[in-house]
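Visitor: Please walk me through this structure by question and answer.

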Amino acid sequence: MKMNEGVEWALHSCVNLSWLPGQAVTARHLAAFYELPTAYLNKQLQALARAGILSSVPGPKGGFQLARDPRKISLLDIVVAIDGADDAFRCTEILKVGPGGDPKADYREICEISQAMRAAELTYRRELAGQTIAAVAERVVRNYPDAPENTRTRFANLKS
């Protein structure tokens with residue numbers, strides 16, 4: 001399974017924003033943090049805002065901030081906001097024209113390949129749903145205790 005690179009950018013942005021509670025950060029500053037293209041990152045941030053993960057604050061001190069508690073934002077929420085809710089594997093029911101050509105059969109229900117792929121996807125989605133931005137941020141802090149303060153300092157030092 002291949003995810004849009006915007007998923008990675010959105011995940012990192014949300015972790016960084018979790019260390020800046022109540023502070024709005026512009027798309028330009030979020031992009032500058034990782035040397036990403038602002039216009040493309042802004043599209044990801046807008047998608048997160050449409051999904052209710054971020055809120056967009058207008059005005060000269062505006063930007064983006066988390067719209068929800070990071071303990072209530074799952075990694076799956078972010079993946080779905082960026083990549084959409086469609087299943088990675090889409091059964092096109094090719095058995096209809098093959099050896100199992102019963103026109104009344106729902107091949108998504110009886111095809112063992114479709115069933116195996118669906119089970120794998122459900123496991124993947126369950127795992128992402130069970131992890132939150134707060135939990136990831138906590139693991140980062142365990143490994144890099146200065147990360148939140150370094151992040152705040154770096155954003156504070158970015159030129160407007």
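**Surface, helix packing and selected residues**

Guide: Phe89 lies in the loop between helix H4 (75-83) and helix H5 (107-110). The model is a predicted one.

Visitor: Is Phe89 buried, partly exposed or exposed?

Guide: The relative accessible area of Phe89 is 31%. Buried means under 20% and exposed means over 50%, with partly exposed in between. Phe89 is therefore partly exposed.

Visitor: Which residues form a nonpolar patch on the surface, and what is their accessible area together?

Guide: Patch residues need over 30% relative accessible area, and Phe89 has 31%. Phe89 forms the patch with Ile113 and Met117. Their accessible area together is about 280 Å².

Visitor: Is helix H1 roughly parallel or roughly perpendicular to helix H7?

Guide: Helix H1 covers residues 5-18 and helix H7 covers residues 133-143. They pack at an angle of about 75 degrees, with their axes 9 Å apart. Angles of 65 to 115 degrees count as roughly perpendicular, so H1 is to H7 roughly perpendicular.

Visitor: Which residues of H1 and H7 make the contact?

Guide: On the H1 side, the contact is made by Leu11, Cys14, Val15 and Ser18. On the H7 side, the residues are Ile133, Val136 and Ala137.

Visitor: At what angle do H1 and helix H2 pack?

Guide: Helix H2 spans residues 27-34, and its axis is 11 Å from that of H1. The arrangement makes H1 roughly perpendicular to H2. The packing angle is about 110 degrees.

Visitor: Which residues in H2 do the H1 residues meet?

Guide: H1 contributes His12, Ser13, Asn16 and Leu17. In H2 they meet Leu30, Phe33 and Tyr34.

Visitor: Is Ser13 buried or exposed?

Guide: Ser13 is found in helix H1. Leaving aside neighbours within four places in sequence, Ser13 is in contact with Leu30, Leu41 and Leu45. Its relative accessible area is 2%, and buried means under 20%, so Ser13 is buried.

Visitor: Which residues does Arg154 touch, not counting those up to four places away in sequence?

Guide: Arg154 lies in helix H8, residues 147-157. With a relative accessible area of 39%, Arg154 is partly exposed. The residues it touches are Ala32 and Phe33.

Visitor: How many Å apart in space are Arg154 and Val79, C-alpha to C-alpha?

Guide: In sequence, Arg154 and Val79 are 75 residues apart. In space, C-alpha to C-alpha, they are apart by 26 Å.

Terms used. Residues are numbered from 1 along each chain as its sequence is written. This is a predicted model: local features need pLDDT of at least 70, side-chain atom pairs count only at pLDDT 80 or more; totals for chains, interfaces and linings use all residues. Side-chain values use heavy atoms; hydrogens and water are left out. Patches are made of residues with over 30% relative accessible area and no salt bridge: like charges are joined within 9 Å, nonpolar side chains (Val, Leu, Ile, Met, Phe, Trp, Tyr) within 5 Å. Accessible areas come from the Shrake-Rupley method with a 1.4 Å probe; for residues, only the protein chains shown count as cover. A salt bridge is a side-chain nitrogen of Lys or Arg within 4 Å of a carboxyl oxygen of Asp or Glu. Helices (H or I, at least four residues) and strands (E, at least two) are DSSP runs, numbered from the N terminus. Buried means under 20% relative accessible area, exposed over 50%, partly exposed in between (1.4 Å probe, protein chains only). Axes are lines fitted to C-alpha atoms, for helices over the stretch in contact, and angles run from 0 to 180 degrees between N-to-C directions. Angles under 35 degrees count as roughly parallel, over 145 as roughly antiparallel, 65 to 115 as roughly perpendicular and the rest as oblique. Contact means heavy atoms within 4.5 Å.
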